[in-house]
Amino acid sequence: MEDIRIINERYQLFLTLDKHIFDVYNEENLKCIDEAYENGDPLTSIFTKIIDKKNKLHKFNSVEYQLDISFISKDIKYLTGLLYYLHPYINIPSKEDNTYFQTTCDKRYLVFASLANQCLYNFWDRVGDLLYVFFETGLKEDSVYLSRVLNNFPEIYKVSKNYILLKDIYDNKLKELFNQRQQIVHYKQLGTKHYLGLQYNYSDKEKAVLLEKEKTSYPKYFKEQSELTFKGFYIALNLINELPDKI
């Protein structure tokens, strides 16, 4: 039989944690795509204005898409908030005699970093889906990934400023993120990477320092990546806006 008192206590504890994460939002100025603006206009409004006037090459539910990308963006924001919240309590081996007696906060920190990476990949995957709806790429639906969409883009639009900007983001900002995601999904979680990394690089101080620097940078890194999603989404919309309007 369920104990209502315990259930209520746990519920209140969760609400308290949630409030602290919301405080972090304000302290670190974390946002989701529903809170992003360009030239004074909400990105969500720009999205609707542009796609409603363009011809679609594939079946597309704009309401479902907008809701999905909103949820993903909110997940990124929440996970980034959790990383900022836990950051003061993680293990820093260089300050602990190069030992790693992992704390609970450290474990959760690395779990949330792995999840944030996956959510960012999901977001950019949806950007690829959006471009696929409006541009002829020759791809089958089950082969649609952002990299493939960009590589198979119509030649006439590859000279577009917006295409060049989006391709530059992919080449210089996203490949590293996607490679890390591949490692997390197919090989090892970030927790494994950092836990074993200290042992593997115990005698190589330079590698150990780089690994520690990466770990401590996750809150800032994912905040920057989150803000990059707003920029990339806006560029993708501008690229779609270069297409002819419906007749």
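Trainee: Which residues does Lys-223 touch, not counting residues up to four places away in sequence?
Mentor: A contact means heavy atoms within 4.5 Å. By that rule Lys-223 touches Glu-28, Asn-29, Leu-30, Thr-80 and Tyr-84. Before we go on, this is a predicted model, where local features need pLDDT of at least 70, side-chain atom pairs count only at pLDDT 80 or more, and totals for chains, interfaces and linings use all residues. Residues are numbered from 1 along each chain as its sequence is written, and side-chain values use heavy atoms, with hydrogens and water left out.

Trainee: Where is Lys-223 found, and is Lys-223 buried or exposed?
Mentor: Buried means under 20% relative accessible area, exposed over 50%, and partly exposed in between (1.4 Å probe, protein chains only). Lys-223 lies in helix H9, residues 218-241, and is buried. Helices here are DSSP runs of H or I with at least four residues, strands are E runs of at least two, and both are numbered from the N terminus.

Trainee: What is the nearest side chain of opposite charge to Lys-223?
Mentor: Lys and Arg count as positive, Asp and Glu as negative, while His and the chain ends are not counted. A salt bridge needs a side-chain nitrogen of Lys or Arg within 4 Å of a carboxyl oxygen of Asp or Glu. For Lys-223 that nearest partner is Glu-227, 4.4 Å away, and Lys-223 has no salt bridge.

Trainee: What does H1 pack against?
Mentor: Its buried residues are Asp-18, Ile-21, Val-24 and Tyr-25, and they pack against helix H3 (62-86). H1 covers residues 4-28 and reaches 36 Å from first C-alpha to last, close to the expected 36 Å; the expected span is 1.5 Å times one less than the number of residues. After H1 comes Asn-29, with a positive phi near 55°.

Trainee: How many disulfides does a search of the whole structure find?
Mentor: A disulfide is a covalent bond between the sulfur atoms of two cysteines. The cut-off is a pair of cysteine sulfur atoms within 2.5 Å, and the search finds zero. Cys-119 is in none; its nearest cysteine sulfur, that of Cys-32, is 13 Å away.

Trainee: Why does Cys-119 count as buried?
Mentor: Because its relative accessibility is 12%. Cys-105, at 27%, counts as partly exposed.

Trainee: And how many helices and strands does the chain have?
Mentor: Nine helices and two strands. Of its 247 residues, 43% count as buried.
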